Amino acid sequence: MDVKTLIIGAGAAGMMCAAHAGSGVLLVDHAKAPGEKIRISGGGRCNFTNLYAGPENFISQNPHFCKSALKRYTQWDFLDLVNAYGIAWHEKTLGQLFCDNSAKDIIAMLRAEMEKAGAQLWLRAEVGEITHDGSSFCVRVTKDGKTTNVTARNLVVASGGKSIPKMGATGLGYRVAAQFGLDVTDIRPGLVPLTFSDDRFKAIAGTTTHGTVAAGGPAFEEALLFTHRGLSGPAILQASSYWQEGDSICINLCPDGTLQEWLRTQRQVAGRKAVTTHLAQHLPNRLVGLLAEEMQITGNLGDQSDAALDELCTLLANWRLRPSGSEGYRTAEVTLGGVDTAGLSSSTMAAKTQAGLYFIGECVDVTGWLGGYNFQWAWSSGWAAGQAIQRA
Ligand SMILES: Cc1cc2nc3c(=O)[nH]c(=O)nc-3n(C[C@H](O)[C@H](O)[C@H](O)COP(=O)(O)OP(=O)(O)OC[C@H]3O[C@@H](n4cnc5c(N)ncnc54)[C@H](O)[C@@H]3O)c2cc1C
């Protein structure tokens, strides 16, 4: 069977590319349905983009690589598409846009766009050997027990990263990159809960608080969640993408900077109450209990000197913890690293080492923050490759 363009992976990036790559597109995926990660994303409502998406929200060895695609296919372009399909949406927080009804609306929209473009979709299709004879790719695809040699001028790899293997993630993209002479950077789980080997938060599992968390990158101010195995919640997930094994993280439990002044005032009006009683007005009770043990917070507020209060506030603003690990690819929302952007064109996503070969979406070394950025990268990179293929 001969097609112009074969796309491996019917996820966010692959479907977007299929909708824009012109005629003669075959999209193959080993899953039983397209866009499975879209379906489960954003708690079933898909945080499909972010109003403030820009290159600064992405992590890559080359922070400039994502600029071209993000600029040419923006969050506003995707929003126009969503609006054209009458999909109701809302901004939840920090520019994050979610469907009002269901993530399935986004999948249906992408399927409709692919159908409009005439793309064929093969599901439950296993990809085998991939070769190139100098003019075309030849890919062995097995579906319903039948193996077909698909020849294609263009091969687009949109097979995602390694996160959530139970949903079909395989890391195929990295193998194809290596086969065709492209480098692959170190990869590791990102947007992932952090774990501690000593069960230190088990007693307060389920407690949430607000704070900033930094782990060698920017500080993220959002919610934190204490779990049986460690720490989670948006602030931790964000910071986890900058965390390296062995590093400590820094949590600021009083990010608005008003605690010190407030404690000094309270010392005058309610000095006979325990320091912990006062802190419990700012932080969850169970967390205060744990902090009291870890930071030896004792005594009444009235007995604390200015220096002691300063020290306490410094401790609460710089709570340093050393996670023993992360929950890994099993629960990570993304895979950090991937196909080295040095081997790709930033305007078309085409490989420099092999004509007709493209890498898009999560398999590329471009990883977004939490908040709709990863889908925006899938849309922008998928569109960029699609445009290039259609024009070629
Ligand atoms: C639980 C969860 C929630 C998320 N929520 C959000 C969110 O709300 N907003 C956001 O921006 N991002 C979110 N993300 C991240 C986002 O889902 C990914 O960044 C995005 O799906 C990447 O798109 P992709 O097309 O590159 O890869 P994928 O969507 O992973 O698609 C890859 C496709 O390739 C197929 N495939 C893989 N290997 C093979 C193979 N060997 N043969 C055939 N097919 C193969 C897979 O079956 C899959 O369909 C979430 C991720 C998870 C895990």
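Which helix gives the most to the shell around the ligand? Let's take a walk through the structure to find out.

## About the model

The model is predicted: local features need pLDDT of at least 70, side-chain atom pairs count only at pLDDT 80 or more, and totals for chains, interfaces and linings use all residues. Residue numbers start from 1 along each chain, following its sequence as written.

## Around the ligand

The ligand is surrounded by 36 residues, where a residue is near a molecule if its C-beta atom, placed from the backbone, lies within 6 Å of it. The closest are Gly9, Gly11, Ser41, Gly160 and Gly361. Two or more residues of the shell come from each of helix 1 (12-20), helix 2 (36-40) and helix 12 (373-391). Helices here are DSSP runs of H or I with at least four residues, strands are E runs of at least two, and both are numbered from the N terminus.

Helix 12 is the answer to the opening question, giving four residues to the shell. By class, the shell has 16 nonpolar, 15 polar and five charged residues. Nonpolar means Ala, Val, Leu, Ile, Met, Phe, Trp, Tyr, Cys and Pro; charged means Asp, Glu, Lys and Arg; the others, Gly among them, are polar.

## Two domains

The domain assignment, automatic or from a database, gives domain 1 (2-188 + 335-391) and domain 2 (194-326). Their centres, taken over C-alpha atoms, are 39 Å apart.

Five residues of domain 1 are in contact with four of domain 2, contact being C-beta atoms, placed from the backbone, within 7 Å. On the domain 1 side, the touching residues are four nonpolar, one polar and no charged.

Terms used
Contact = placed C-beta atoms within 7 Å.
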